[in-house]
Amino acid sequence: MADKREIGRKYENIAVRYLMENGYDIIERNYQNRQGEIDIIAGREGVLVACEVKYRSGTRCGDPLEAVDLRKQRRICRTLLYYYKRHGYSSDTPCRFDVVAVYADDTIKHLQNAFEFHI
């Protein structure tokens, strides 16, 4: 039986492939700092995109697109803010927060601008 990290990696790989096929440049994967973690940091058309990847084997626990609660959103925002500072991005560099949901049948739903920046 695969562990959670291995399962997560599998579905992140699916999300990365999807993003690349749709014109995104993958900048970082599993970026971590003391604020938290961002599954995928990508770029597209001058916009920095923080992507949270969610997988669900069924809908018993709800749709994966709904799985990023306010607490998780704040953690992702703080993590990206630190990333900006650490990597020399200007505050003028636009960003957005997306959720990529991967379902048991490998269907993918990509919710762009899933939430606003807040800390």
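This is a predicted model: local features need pLDDT of at least 70, side-chain atom pairs count only at pLDDT 80 or more; totals for chains, interfaces and linings use all residues.

Reader: Which pattern does the chain follow, read along the sequence?

Author: The chain holds 2 helices and 5 strands. Taken in sequence order, they give the pattern α-β-β-β-α-β-β.

Reader: Of the 119 residues of the chain, what percentage count as buried?

Author: Buried means under 20% relative accessible area, exposed means over 50%, and partly exposed is in between, using a 1.4 Å probe and protein chains only. Under that rule, the buried part of the 119 residues is 36%.

Reader: In which strand is His110 found, and with which side chain does the side chain of His110 make a polar contact?

Author: His110 sits in strand β5, residues 108-115. It counts as buried because its relative accessibility is 19%. A polar contact is a pair of N or O atoms within 3.5 Å; within protein, one must be able to donate a hydrogen and the other to accept it, and residues adjacent in sequence count only if both atoms are side-chain atoms. At 2.7 Å, the side-chain partner of His110 is Asp98.

Reader: With which residue does Asp98 form a salt bridge?

Author: A salt bridge is a side-chain nitrogen of Lys or Arg within 4 Å of a carboxyl oxygen of Asp or Glu. With the closest N and O atoms 2.8 Å apart, the partner of Asp98 is Arg96.

Reader: Which residues do salt bridges that share partners join into one network?

Author: A search of the whole structure finds 3 salt bridges, and one of them is the pair of Asp98 and Arg96. Salt bridges that share partners make one network of Glu52, Lys54 and Lys72.

Reader: How far apart are the closest N and O atoms of Glu52 and Lys54?

Author: Glu52 is buried because its relative accessibility is 4%, and Lys54 is buried as well. In their salt bridge, the closest N and O atoms are separated by 3.4 Å.

Reader: What is the N to O distance where the side chains of Glu52 and Lys72 meet?

Author: Side chains of opposite charge can pair when their charged atoms come close. The side chains of Glu52 and Lys72 meet in a salt bridge at 3.6 Å, N to O. This pair links distant parts of the chain, with Glu52 in strand β3 (residues 47-56) and Lys72 in helix α2 (residues 70-86), 20 residues apart. The N to O distance, then, is 3.6 Å.

Reader: Which element gives the most to the lining of the largest pocket?

Author: On a 1 Å grid over the protein atoms alone, a pocket is an open set of points where a 1.4 Å probe fits, with protein on both sides within 12 Å along at least five of seven lines, and lining residues have an atom within 4 Å of a point. Grid points are joined across faces, edges and corners, and a volume is the space filled by probe spheres set on the points; here that volume is about 630 Å³. Of the 17 lining residues, the closest to the centre are Lys4, Arg5, Gly8, Arg9 and Glu12. With 7 residues, the element that gives the most is α1.

Reader: Which side chain of opposite charge is nearest to Glu12?

Author: Glu12 lies in helix α1, residues 4-21, and its side chain makes a polar contact with that of Asn30 at 3.0 Å. Lys and Arg count as positive and Asp and Glu as negative, while His and the chain ends are not counted. Glu12 is buried yet has no salt bridge. At 4.2 Å, its nearest side chain of opposite charge is Arg29.

Reader: Is Asn30 buried, exposed or partly exposed?

Author: Asn30 is found in strand β1, and its phi is near 50°, a positive value in a residue other than glycine. Because its relative accessible area is 30%, Asn30 counts as partly exposed.

Note on methods
Residues are numbered from 1 along each chain as its sequence is written. Side-chain values use heavy atoms; hydrogens and water are left out. Helices (H or I, at least four residues) and strands (E, at least two) are DSSP runs, numbered from the N terminus.
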